[in-house]
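Please keep the sequence and the model in view while reading.

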Amino acid sequence: MIDPSWVAGLAVILFCIGLWGAFTRKNAIIVLMCIEIILNAVNLNFVAGAAQHGDATGWIYVVFAVAIAAAEVAIGLAIFLAMYSQHETVSLDEVKLLKH
Amino acid sequence: MDVSELAILIPVLPIVAMPLILLLGRLFNGNEKWKGLWKEGGTIAVAVLAIVFVLSMWLIVGHVAAFTEGSGDDFVSDVGDWVTYSLFTENGDMKVQDFGFGLQLDHISVMLLFVASFLCLLIGIFSLGYMNTDPVNENRNHRFYAEFILFCAGMFGMVLADSFLWLFIFWEIMGLCSYLLIGFYYERPSAAYAAKKAFLTTRVGDVFLFVGLLIMHAVFGSWDFAVVFDASNIGAADAGLIKAMLLLMFIGAVGKSAQFPLHVWLPDAMEGPTPVSALIHAATMVNAGLYLVARMYPFFSAPAVAGEFTDVALLIAMIGGITACMAAAIAFVQDDIKKVLAYSTMSQLAYIFTGLGAALWFVNKGYTELAAFAFGASLFHLFNHAMAKGMLFMASGSVIHEMHHAHHELAHHGDDHDDHDDHGEDHFDCQDMTNMGGLASKMPITAIAMAAGSASIIGIPLIGGFWSKEGIVGSTWKAVLQDGGGLFIIPALLVLITAGMTGFYMSRMWFMTFAGKPKTPVAAGVHEQTPFIPIPLVALTGMTLAAILFAGLGFAGWIGDNANHLSLGHLPSHLMHEIMHAFLAVGSDGHSDPYLFMITWITIGLSMLVGPFYAMALHGGSLAKGEKAHWSISWLVSLSGKIRRKYNFDNSAWSDSGISNALKRRLYFDEWYDNLMLKLVVPFALAAAWFDKRIIDGAIKGIESGSQEASKGIRQLTTGSARDYIMMAALGTLALFLLIWGLI
């Protein structure tokens with residue numbers, strides 16, 4: 001069996017990749033994908049923890065997190081659709097609605 | 001119903017009447033009925049004052065009767081608490097204190113209540129005639145009456161207050177009304193200036209008074225008369241602090257009563273309407289300072305402080321002496337009839353200060369009998385002076401008013417239809433005595449009233465102020481003889497000289513106005529015709545002549561010695577005693593005091609013979625042919641004419657001299673004060689302005705512009721881009737983690 005620490009390490013790498021992507025990319029959909037990567041990094045961390053301690057709680061959390069992430073993606077994509085229909089772009093550089 | 005329940009109405013009724021008059025004035029201004037029947041509020045004011053007078057008389061008669069029966073006690077009525085508060089004392093207990101309002105009536109306040117309510121009523125009646133017939137005042141008389149009645153409330157309240165706090169509050173109400181009423185003709189720059197000057201000058205005194213009262217509260221923990229006058233409380237307190245308190249309070253009195261060196265406002269205050277001069281600047285408000293000093297009596301009489309405050313008492317007498325002489329000298333050269341009276345007021349108030357100073361000195365030295373006599377004489381003089389001077393001002397108002405009428409008729413022979421006022425068009429001064437003359441036959445009531453008032457002020461034997469002035473002069477000279485009283489020689493000499501000077505300037509005023517031939521066509525056309533004006537003149541002439549009765553009743557002794565009683569039954573014997581005392585200096589032991597006898601006759605000689613003689617020689621004169629004055633004064637006029645023909649001399653050397661010019665310029669006090677202001681206050685004000693602009697405003701502006709800049713910088717962070725927010729959230733989380741791990 002793979003040592004849980006490797007899994008945790010992978011989770012850290014994924015988290016950093018996701019974070020970096022969320023900061024730097026312009027396309028909203030890619031940013032959403034990066035956020036999904038971050039979520040999955042967290043899930044991995046849960047899994048690693050669960051395997052390490054032999055406790056099922058972590059796995060149960062992952063199931064919930066996946067379900068919520070799916071809902072979140074649906075909402076996110078809906079927001080982007082609405083954004084596109086209003087501004088005809090999904091570039092985060094051009095749409096700065098949060099200021100208002 | 002008990003009197004004490006109604007007594008509170010005395011100050012409250014006028015306070016209620018003030019907004020009422022203002023409101024009605026605003027609603028009905030210009031309405032014919034409002035002008036006619038209601039006299040633009042004057043009717044309300046006089047009605048309220050009449051009620052107050054009746055209530056006051058009820059109180060006073062009750063008080064006097066109770067004392068005469070021997071069951072008298074000072075009337076004290078606690079009306080209610082204004083503010084109640086608790087505080088921790090030094091040893092940790094809780095102490096409840098309150099600023100209550102209550103009324104106190106003792107001999108002094110009884111006398112002043114009578115003076116105030118009587119004169120307020122009479123001057124109110126006088127105003128109905130004086131104010132409402134002058135077109136200048138039309139449609140704004142309600143303002144006059146509202147301020148007038150508020151002033152009356154202030155005076156009644158001050159007299160009746162049972163604590164120094166309320167005394168001070170009402171004192172300030174009077175100051176405010178004085179300011180408003182002096183500036184009644186605010187469109188005249190001189191009136192506005194005079195109002196400001198009066199307000200600021202008395203303010204200087206009031207600040208000192210307030211500090212004195214704060215010291216009083218620090219020392220006694222209360223302002224109530226009952227607490228601060230308690231001899232054991234005074235004994236327990238630090239004598240040095242009490243002395244500082246007394247001095248500060250005296251400065252307040254000096255400002256209010258227009259004594260040297262805070263006297264400069266009173267002559268200018270004559271810019272106000274004449275009823276105001278009569279009421280505020282002669283009969284009532286200026287007595288407030290005297291009342292305050294008279295109230296200090298218990299601080300001097302407490303056994304624990306015997307001999308401690310003699311220098312304060314001496315200072316009071318000194319200020320009195322200096323002011324008396326200085327004001328009388330300035331009155332020599334004034335041509336404005338009201339200015340003469342203003343300086344005379346200052347001078348007579350100064351007499352009372354001198355007398356009070358002597359009384360306080362005596363009592364502090366332990367000579368209680370002499371003290372009671374001096375105290376009684378001083379307050380009796382206050383009474384006589386208020387009556388006489390109120391009347392003199394009203395008489396001068398009558399003269400001025402009729403001069404105005406005559407001038408108006410003369411200037412508009414036929415075209416009398418335009419009602420507009422022509423003051424200032426041809427600069428005819430209706431107050432200048434050099435424009436008058438020969439009015440004795442034309443204004444008989446005014447002339448007689450003025451003669452009686454002047455005689456009272458001069459101290460002609462048996463009339464008005466004679467009874468009290470003798471007492472003051474005698475007491476001051478007595479003080480010289482006592483151990484340690486050598487310095488009293490200065491005020492004693494000054495008041496003695498002033499007695500003669502008073503004889504001169506008061507007679508000069510009378511003869512310039514009423515004797516001789518009319519000096520202008522206006523004066524020739526004067527008639528006594530305005531309604532209401534004669535009523536108070538007659539009443540006060542009676543009052544002035546009745547001073548002999550008051551003297552006979554032992555009024556001075558009654559005030560001076562709180563336990564004494566007025567008794568009608570012994571009137572003849574008392575009167576005999578008073579006359580023997582006044583003329584032959586017979587003391588209570590039945591022996592004549594040769595020293596006092598000499599002083600008495602020097603005073604009488606100076607004031608009755610020397611002063612009036614010079615006045616007659618310079619300004620006397622018979623009436624024009626065919627004119628006949630009333631018998632009671634015609635002999636005076638013809639005597640002055642004879643003396644002038646025989647003894648007239650050329651005094652141009654004196655009247656052109658430097659001293660005379662200096663007196664005409666009021667001894668340059670205004671210039672000195674202006675210079676002092678320029679040298680001291682203006683640079684200080686400029687520095688303060690600079691400090692305010694640069695430092696205080698600068699600090700506030702710095703905060704303002706600094707926060708603007710900071711917010712501009714912070715606003716850069718809100719880009720609106722989701723990524724920046726994520727970045728911030730991430731950095732924040734990181735920072736939190738670092739914090740939790742203890743890395744920062």
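## Basis of the report

This is a predicted model, in which local features need pLDDT of at least 70 and side-chain atom pairs count only at pLDDT 80 or more, while totals for chains, interfaces and linings use all residues. Residues are numbered from 1 along each chain as its sequence is written, chains are lettered from A and ligands numbered from 1 in the order in which they are written, and side-chain values use heavy atoms, with hydrogens and water left out.

## Chain B as a whole

Chain B contains 32 helices and 2 strands; these are DSSP runs numbered from the N terminus, with helices (H or I) of at least four residues and strands (E) of at least two. Along the principal axes, its C-alpha atoms fill a box of roughly 115 × 70 × 60 Å.

Of the 744 residues in chain B, 55% are buried. Buried means under 20% relative accessible area, exposed over 50%, and partly exposed in between, with a 1.4 Å probe and protein chains only. Chain B exposes about 30,400 Å², and carbon and sulfur atoms supply 67% of this area. Accessible areas come from the Shrake-Rupley method with a 1.4 Å probe; for residues, only the protein chains shown count as cover. Among contacts (heavy atoms within 4.5 Å) between residues of chain B at least 6 apart in sequence, 79% join residues at least 24 apart.

## Salt bridges

Over all chains there are 11 salt bridges, each defined as a side-chain nitrogen of Lys or Arg within 4 Å of a carboxyl oxygen of Asp or Glu. One of them joins the side chains of B:Asp106 and B:Arg295 at 3.0 Å, N to O. B:Asp106 lies in the loop between strand S2 (94-105) and helix H5 (107-132) of chain B, and B:Arg295 in helix H14 (residues 287-295) of chain B, so the pair ties together parts that are 189 residues apart in sequence. Both B:Asp106 and B:Arg295 are buried.

Another salt bridge links B:Lys243 to B:Asp311, with the closest N and O atoms 3.1 Å apart. Here helix H11 (residues 239-256) of chain B holds B:Lys243 and helix H16 (residues 310-331) of chain B holds B:Asp311, 68 residues apart. B:Lys243 is partly exposed at 23% relative accessible area, and B:Asp311 is partly exposed at 42%.

## A nonpolar surface patch

B:Leu736, B:Phe737, B:Leu739, B:Ile740, B:Trp741 and B:Leu743 form a nonpolar patch on the surface, together with about 730 Å² of accessible area. Patches are made of residues with over 30% relative accessible area and no salt bridge; like charges are joined within 9 Å, and nonpolar side chains (Val, Leu, Ile, Met, Phe, Trp, Tyr) within 5 Å. B:Leu736 belongs to helix H32 (residues 722-740) of chain B.

## The interface between chains A and B

At the interface, 12 residues of chain A are in contact with 10 residues of chain B. The area buried between the two chains is about 940 Å², of which carbon and sulfur atoms give 67%. A:Phe23, A:Leu98 and A:Lys99 supply 52% of the area that chain A buries against chain B, more than any other three residues. Buried area is the accessible area (1.4 Å probe) that two parts lose on being put together, summed over both. Between chain A and chain B the count is 0 salt bridges.
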